[in-house]
Amino acid sequence: MQMRALLSCLVLVLVLSGCSGRTRPVSDGGGSDSFPTVVPPPQAGQGSAHDRGAGDAPDTNAAHHTDTQLPSASGNATSLTQHTLPEGLTPPQVPGDLCAGAPTAKQDTSHDARPVPYEVTFFIADDAGASSVSTEERSALLDAVRGVSLLERLADQAPDSVTGVERRLRSDEDEARNVLHSRGFYAGRVEGRLDVASSPLRVTLTLFPGPLYTVADSRVVYRAGAGHSEVADDKAGMTGVVGMVGPADAPDQTSASDQTSATGQAADSAGAGDDVPSPSFAHGTPEEGGMKGRPAGIAVPTADADSAPVPEGFPRALSDAGVAGGAPARADDILDAVARIPVFLHERGHPFAEVTGTRFEVDHAAHTLHATVTVDPGPYVLMGGLDVEGADDVSRDYVATYVGWRPGQPWDERLVERFRESLRGTGLFSGMEVVPADHDDATGCRPVMARLTYGPPRSFGGGLRYDSALGPGVLAFWEHRNLWGGGERLRLELPVWERRQEVVASFRKPFLLRPDQDFIADAWARNENSDAYDQRAGAVSASVERRISRHLWASAGGTTEGGSINDHQGPERSYSMWGVPLTIRYDGTDNLLDPHEGVRAALSTTPYTGVYHEWRSMVRSRLDASAYTALPGGRTVLALRAAAGALHGESPADIPASFRFYSGGGGSVRGYAYQSLGPRDGDVPLGGGSFGEVGLEARTRITETLGLVTFVDGGNVYEESMPRFGDGMRFGAGVGLRYYTAIGPLRFDVATPVNPREDDAPLQFYFSIGQSF
């Protein structure tokens, strides 16, 4: 009993000694309190540099500790030692904060008594390999490290002790090392340093990238039913990329299964819920060695004797999937290439193709990566007819009209995805699953199974608007998307402003006589009192729109408009006009309501004839175009627009004022009042025979729901029948906020004229729904 008590006291002394060693800066006795360099944990197959001479060979059989080595100025190392207790003896419980807060005679406790603020700096050292790192790559590396850094993320939440800062630094070392590996610097090193003599604490994280590794060779092995994989040992001088814990300069033959994943350590040190960088290669299942925390064994395919012949045209190497030999061995690029291989097969008759194994090896001597990808192509499948389950309120013939494949052709997932997109575009379904059926039909083809969930066919809503010229406004709408079971859409809108009130109805009947043709009808009634004219009128139009290709449409129809109008230059007059609108439009954007990439363009020409205090005939044409591109990082979108219009056949003064061209306001040139640009009689806008406009926006997402926009608009209206871009154009500039919703962004803009006229207001405000273009 006395012996057990004596051993317990001895254990307590040893534990307390380890705790104080963990937090005490090691000094050479010279009185310096500066915190020593924090050395990364020794890796499998590599003893600490402080445990052996510079010329000693690595000891692959030595036991290694994962605790951080804290070297003194003399080069000796202080290491936490694991103490083994006699069997059956339980160590005493030590409070968790005892180690973190136990000061020593030489320790400065001023930082431990209150939050310890710090400043962190990241930089790339000019080591032997860094000279080949481009400026862009340096910037990308530093941005990536900052993005996963706990020190950076929690800088405004100072820890309660120097130990807390050290823990964050250790985590950041692991994360930075993973970043280097993921970007192809597999010999990269990371060094962290704390300077406790400074106030606030100075923390430095230095990256030593080393050489950029490249893809040496790769191959794709096809094997039916290749669900089995093995864990193989690394070859001499080569280290499995998954985990990447082997030393770059260690040509030992340590078993990969005995190594410890640095990626797993990083995930643990970051804490639950923290964002950590992806492992060097994270493809596949945990059994394949591709997930975080997996020991550094590498999944490899079974014997080549089971390999299937490579079909003609199928990828044989990563170079066929976008990563050529000699390209930088960046993890994201290689994993993207691996992911493209089954997609390629899905589009060429193999809907069940999947990657079943991957092997990645790094040759540190040659600074190269070798890759082997095992693919199970699955059966060759011919597409059959369409089977539909659910959504009984929608006509089966209507759903089948969206089918774009021919029974008997090889399976093509692109056609299936277009079918999904078409169904989503109807707005009729709240859920859908489109997959190969689990059986072949009598002809040997595989039916396409569409499991559909019918959504609510009706919706209604509303919103608020504001325009400096039109005043406050509201918009209310009601819509039915399946009027008679065939996707017929009826929408009623009530946009009401202080100076303009409208009622608008639109109807679309899809698949009129043929699957690529729709019938469209529109009607409106309007009462408007603007600075340019007072109008009470209505219009009705009908047209047939045909889809020429995936992104191109053309339409033709008829329209009539009539009412009374007063252009403030004479008495109120009635008018009646008839026209034949002809339109062609292109839409290659990625999103109808909030595009990030692509181009849109529409050209409309309408010959008119009618009566406006005598018989009039004219041709009115308009061209609108816009382009969108996302900047690197994806958070900012540049949007550019241009528009122009022209009247031929009549003078602008001889046609109803509502048929002339106007510019200015929220839908054209922000910063100027509604319809105010161009020829004027005093303060009355006259409109013109042509116009030209341009606009540029930078749309930046601040959060998932909030965005900031800066913009410049320009334009003018001309009396002549052809616009003169750049001649007398008025420009406006401003900023805006966007609140993103499922039905599009809410828009609030403030604009000012850049080259104003004497009577232009200094600010214009706009509040509406949807992007400006």
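A polar contact here is a pair of N or O atoms within 3.5 Å, where one must be able to donate a hydrogen and the other to accept it. Keep that in mind for the first stop, and remember as you click around that this is a predicted model.

**Stop 1: Arg600**

Select Arg600, which sits in strand β25 (residues 598-611). Is Arg600 buried or exposed? With a relative accessible area of 17%, Arg600 counts as buried, because buried means under 20%. Now show its side chain and bring up Leu592: the Arg600 side chain reaches the backbone oxygen of Leu592 at 2.7 Å.

Next, display what surrounds Arg600. Leaving aside neighbours within four places in sequence, its contacts include Tyr586, Asp587, Thr589, Asn591, Leu592, Leu593 and Pro595. Asp624, Ala625, Ser626 and Tyr628 are also among the residues in contact with Arg600.

**Stop 2**

Most residues other than glycine have a negative phi, and most peptide bonds are trans.

- Go to Ser199 and Pro200. The peptide bond from Ser199 to Pro200 is cis, with omega near 0°. You'll find Pro200 in the loop that runs between β5 (189-195) and β6 (201-208).
- Jump to His367, in the loop between β11 (354-363) and β12 (368-376). His367 isn't a glycine, yet its phi is positive, at about 60°. Its relative accessibility is 31%, so His367 counts as partly exposed.
- Then pick Leu513, in the loop between β19 (500-509) and β20 (517-529). Leu513 has a positive phi too, of about 70°, and again it is not a glycine.

**Stop 3: a nonpolar patch**

Keep the surface on and select Tyr466, Ile702, Leu706, Leu708, Val735, Leu737, Tyr739, Leu746, Phe748, Leu763 and Phe765. Together they form a nonpolar patch on the surface, with about 910 Å² of accessible area. Color by strand and you'll see that the elements giving two or more residues to the patch are β31 (706-718), β32 (730-741) and β33 (744-753).

Which element gives the largest share of the nonpolar patch? That's β32, with three residues. Finish by zooming in on Val735, which is in strand β32. Val735 has a relative accessible area of 44%, so it counts as partly exposed.

Methods: Residues are numbered from 1 along each chain as its sequence is written. This is a predicted model: local features need pLDDT of at least 70, side-chain atom pairs count only at pLDDT 80 or more; totals for chains, interfaces and linings use all residues. Side-chain values use heavy atoms; hydrogens and water are left out. Patches are made of residues with over 30% relative accessible area and no salt bridge: like charges are joined within 9 Å, nonpolar side chains (Val, Leu, Ile, Met, Phe, Trp, Tyr) within 5 Å. Accessible areas come from the Shrake-Rupley method with a 1.4 Å probe; for residues, only the protein chains shown count as cover. A salt bridge is a side-chain nitrogen of Lys or Arg within 4 Å of a carboxyl oxygen of Asp or Glu. Helices (H or I, at least four residues) and strands (E, at least two) are DSSP runs, numbered from the N terminus. Buried means under 20% relative accessible area, exposed over 50%, partly exposed in between (1.4 Å probe, protein chains only). Contact means heavy atoms within 4.5 Å.
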